[in-house]
Amino acid sequence: MTGKVIKGIGGFYYVKSPDGEIYECKARGVLRKEKVSPLAGDNVEFSVNENAQNTIDEILPRKNCLVRPPVANVDNLFIISSVDDPKPNLSVIDKMIAIACHNDINPIIVFNKTDICSAKKYEDIYTHAGFDCFSVCAESGEGIENFKKFFKDRLNVLTGNSGVGKSSILNRLDPSLNLTTGSTSKKLGRGRHTTKCVELFDVCGGTVADTAGFSSLELEKAQIIRKEELPYCFPEFSEYLGECKFVSCTHTKEKGCAVLEAVENGDIEKTRFESYLGIYEQVKNIKDWELR
Ligand SMILES: Nc1nc2c(ncn2[C@@H]2O[C@H](COP(=O)(O)OP(=O)(O)OP(=O)(O)O)[C@@H](O)[C@H]2O)c(=O)[nH]1
Ligand SMILES: [Mg+2]
Ligand SMILES: [Zn+2]
């Protein structure tokens, strides 16, 4: 039979068949030998066994897969921040956007908790940079309707730091989910990882993954993008690439760089460019062989 992995925990995988039945499976030894583990979102072939454990026999080819959060075949990545408690970290948002673009995933930027303060200055940055960007309030439900049109027939992933309100937003979209949400007040506003693993749910005619928040350290390991590919992971740079004076321009400090010029005259957002420089610093000395 074929089905979709909706959750993996402690070596058990929960596979949903097309008729909606859920089967608890183990991965077959051969998959473990090849060192590939099924991920939430994977389409798999599996066998249902009368008197033994059901098994996942094969993982069907993936369109893409994210390391952090671990999900395969993602269409939309909702990158969630809160305007306060915890405050947005634009370099984290921009790294997630770059990873989404690198994997052919559509990034959607969301600022939650607008009851605490306005998200306008952030919304302006990302709208100007050309992304779908929304300010929402999970508490009142304001703005959340905007998500529905993205969800249908797509695999949607919600990501963002612990405590930004990912589970709260999903509960707003579909109260029957009844996801556990947590207080951020106890631990220096950092949240406590209320959501523990990735799980897929059917919401608004599509599939959605609630995921556990990540730390910035984990994000550093999330995925390495080669420095040559990095400019292409900032979509608003694209019209300037090729316009620079030097073919080998890294768009960091060169004379006659069209990207730098666009930053200077405000066509590219300063914070986005700073994030580019930050990621460039992290990856500039990584050699190709280290990525294998
Ligand atoms: N003021 C305010 N608080 C909110 C809003 N949305 C969520 N919260 C609160 O923020 C806290 C964290 O919410 P969660 O939904 O658990 O956050 P999460 O992103 O799922 O966190 P993890 O599962 O740990 O990654 C809870 O106390 C929520 O009540 C909002 O719109 N306004
Ligand atoms: Mg959660
Ligand atoms: Zn340049």
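Predicted model: local features only at pLDDT ≥ 70, side-chain atom pairs only at ≥ 80, totals over all residues.
**Domains.** The protein is divided into domain 1 (2-60), domain 2 (66-219) and domain 3 (225-291). These bounds come from an automatic or database domain assignment. I noted the conventions: residues are numbered from 1 along each chain as its sequence is written, and chains are lettered from A and ligands numbered from 1 in the order in which they are written. Local features need pLDDT of at least 70 and side-chain atom pairs count only at pLDDT 80 or more, while totals for chains, interfaces and linings use all residues.

**Domain 2 against domain 3.** I checked how far apart domain 2 and domain 3 sit. Their C-alpha centres lie 26 Å apart. The contact takes 11 residues from domain 2 and 13 residues from domain 3. I count two residues as in contact if their C-beta atoms, placed from the backbone, lie within 7 Å. On the domain 2 side, H2 and H3 are the elements that give two or more residues. H2 gives the most there, with 7 residues.

**Helix H2.** I then followed H2 (residues 90-102) itself. Helices here are DSSP runs of H or I with at least four residues, strands are runs of E with at least two, and both are numbered from the N terminus. H2 has 13 residues and reaches 18 Å from its first C-alpha to its last. That is close to the 18 Å expected at 1.5 Å a residue, the rule being 1.5 Å times one less than the number of residues. Its buried residues are Ile93, Asp94, Lys95, Met96, Ile97, Ala98, Ile99 and Ala100. Buried means 20 or more other C-beta atoms within 10 Å of the residue's own; exposed means 12 or fewer, and partly exposed lies in between, with C-beta atoms placed from the backbone. Aspartate 104 follows H2 and has a positive phi, near 60°.

Next I traced strand S9 (residues 106-112) and strand S10 (residues 132-135). They pair in the parallel sense over 4 bridges; pairing needs at least two bridges found by DSSP. Isoleucine 108 stands opposite aspartate 132 in S10. The chain crosses from S9 through H3 (residues 120-128) to S10, and this β-α-β crossover is right-handed. Right-handed means that, with the strands pointing away from the viewer, the path from the first strand over the helix to the second runs clockwise.

**Whole protein.** Last, I took the totals. I find 8 helices and 13 strands. Buried residues make up 37% of the 292 residues. Among contacts between residues at least 6 apart in sequence, 65% join residues at least 24 apart. The C-alpha trace spans about 70 × 50 × 35 Å along its principal axes.
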